[in-house]
Amino acid sequence: MKYLFLNSAGVWGGNEKWAHMAATSLAKENPVFIAYKNAVVGDRYSIEKIKLPFRFSYDPATIVPLINFVNKNGIDVIIPTKKRDYVIAGIVARKCRKKNVLRLGIVRKLGQNPYKNFVYNTLSHGIIVNAQRIKDVLLDSPFISEEKIRVIYNGLDTGSLDEQADGASQLNKPFQFTVCTAGRISKRKGLDVILQIFAEFSKRIQSGEGGMVIIGSGRRIKEYQSLASQLGISKQVWFAGYLENPYPYLKLSDVYLTVSRNEGISNALLEAMYLENAVITSRAGGAGEIIVDRQNGLLLEKDNIIRNGSDRLYELYTDTSFRESLGKAAKETVT
């Protein structure tokens with residue numbers, strides 16, 4: 001089989017990491033290609049690739065050369081990984097009589113919207129999701145059949161993680177008790193809630209003992225830096241920005257905190273678990289499919305999430321043995 005991945009992203013994130021890992025793994029036994037828009041994605045691939053404009057969903061400057069590329073290379077399956085790419089892939093697949101299999105890594109309600117019916121049903125031969133929760137929500141739509149969806153949980157290259165995390169021994173731990181979070185700085189990732197949780201927690205501990213490392217970039221970073229200042233925790237929060245190798249800091253971290261408003265199963269969450277963080281997470285997306293509360297992590301409910309999150313952080317701060325047991329169980333789960 002010959003596979004073509006489509007990824008029009010302008011930044012490197014969990015979705016892009018998934019596509020790279022999937023393509024690299026498949027390429028061990030199959031011809032695999034990537035069509036991309038930006039160098040931040042394309043430069044990471046050593047397989048055959050094509051750079052295209054991906055200006056919009058019906059972009060002829062992308063569709064026409066992609067049709068030629070598919071026919072020339074005898075592609076069998078097209079796997080688009082971004083919302084913008086779904087229609088392009090569907091049109092090309094229909095024109096070339098190939099299979100179009102979408103990859104969706106976030107909970108998305110389709111309802112009875114005719115356009116979404118066209119994109120996710122008519123143009124698609126299948127849908128890959130990374131959490132059962134995503135599949136369940138898709139099936140609430142009357143035009144999606146169960147046979148069309150496959151749940152494939154995210155994988156991790158643990159050997160590479162171990163190698164990259166080795167640098168932790170050369171770093172100083174940022175704070176005596178370090179809380180970490182990672183991901184695109186956006187409203188969806190719930191960073192405003194995370195900062196409020198940490199602010200409530202910090203009122204209960206001695207000054208200087210606890211701090212937070214926020215790994216990631218985004219257009220709203222100044223907004224969240226301002227919020228940290230308003231909450232009185234700016235000296236306890238380090239906005240590290242995008243890090244090519246964040247794993248030494250994840251390995252040094254005591255707790256990984258995430259409260260995404262919408263998610264599949266976060267790559268960063270799995271990586272933090274593998275690096276033995278005690279994790280606190282909301283039930284967004286499929287987190288509840290891998291976290292058993294108080295066994296390999298702590299789950300937050302929607303009600304009183306700031307107070308409950310602060311309480312959970314304080315519990316992990318004061319109970320070192322519980323924190324360490326959760327971290328070890330988290331690594332076992334991911335492994």
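Student: Let's start with a pair of strands. Which residue in β11 does V179 stand opposite?
Tutor: Bear in mind that this is a predicted model. Strand β8 (residues 177–182) and β11 run parallel, joined by 2 bridges. Across that pairing, the β11 residue opposite V179 is V255.

Student: And with β12, how many bridges does β11 make?
Tutor: Strand β12 covers residues 278–282 and runs parallel to β11. The number of bridges joining β11 to β12 is 4.

Student: Are the residues of β11 buried or exposed?
Tutor: Look at both faces of the strand, which spans residues 255–258. V255 and L257 point one way, while Y256 and T258 point the other way. On either face the answer is the one word: buried.

Student: Over to the open sheet. In what order do its 7 strands come?
Tutor: Start from the edges, β3 (48–51) and β7 (149–151), each of which pairs on one side only. The pairing is parallel, and the twist from one strand to the next averages 20°. Reading across, the order is β3-β2-β1-β4-β5-β6-β7.

Student: Zooming in on β1 and β2, which residue of β2 is opposite Y3?
Tutor: Strand β1 takes in residues 3–7 and strand β2 residues 32–36. They pair in the parallel sense over 5 bridges. Opposite Y3 you'll find V32.

Student: How many charged residues are in the contact of α3 with α4?
Tutor: On the α3 side there are T62, I63, L66, I67, V70 and N71, and they meet I88, I91, V92, K95 and C96 in α4. By class that gives 8 nonpolar and 2 polar residues, and the charged count is 1.

Student: V92 is part of that contact. Is V92 buried or exposed?
Tutor: V92 is found in helix α4. Leaving aside neighbours within four places in sequence, V92 is in contact with I63, L66, I67, V70 and I78. The relative accessibility of V92 is 0%, and the cut-off is under 20%, so V92 counts as buried.

Student: What about α8 and α9: are they roughly parallel or roughly antiparallel?
Tutor: The axes of α8 (residues 191–202) and α9 (residues 221–230) come within 10 Å and cross at roughly 20°. The limit for this class is under 35 degrees. So α8 is, relative to α9, roughly parallel.

Student: Which residues of α9 make the contact with α8?
Tutor: α8 passes α9 in a right-handed crossing. L191, D192 and L195 of α8 are in the contact. By class it has 5 nonpolar, no polar and 1 charged residues. The partners on α9 are Y224, L227 and A228.

Student: Which way is R294 classed, buried or partly exposed?
Tutor: R294 sits in the loop between α12 (287–290) and β13 (298–300). Its phi is near 75°, a positive value in a residue other than glycine. Most residues other than glycine have a negative phi. With a relative accessible area of 38%, R294 is partly exposed.

Student: And what is the phi of N304 near?
Tutor: N304 is found in the loop between β13 and α13 (305–318). At 59% relative accessible area it passes the cut-off of over 50%, so N304 is exposed. Its phi is positive too, near 50°.

Student: Last one: how far apart are the C-alpha atoms of T158 and T335?
Tutor: T158 is found in helix α7 (residues 158–165), and at 29% relative accessibility T158 counts as partly exposed. Along the chain, T158 and T335 are 177 residues apart. Their C-alpha atoms are separated by 8.1 Å.

Conventions: Residues are numbered from 1 along each chain as its sequence is written. This is a predicted model: local features need pLDDT of at least 70, side-chain atom pairs count only at pLDDT 80 or more; totals for chains, interfaces and linings use all residues. Side-chain values use heavy atoms; hydrogens and water are left out. Contact means heavy atoms within 4.5 Å. Ala, Val, Leu, Ile, Met, Phe, Trp, Tyr, Cys and Pro count as nonpolar, Asp, Glu, Lys and Arg as charged, and the others, Gly among them, as polar. Two strands pair if DSSP finds at least two bridges between them. Axes are lines fitted to C-alpha atoms, for helices over the stretch in contact, and angles run from 0 to 180 degrees between N-to-C directions. Buried means under 20% relative accessible area, exposed over 50%, partly exposed in between (1.4 Å probe, protein chains only). Angles under 35 degrees count as roughly parallel, over 145 as roughly antiparallel, 65 to 115 as roughly perpendicular and the rest as oblique. A crossing is left-handed if the near helix is turned anticlockwise from the far one by less than a right angle, and right-handed if clockwise.
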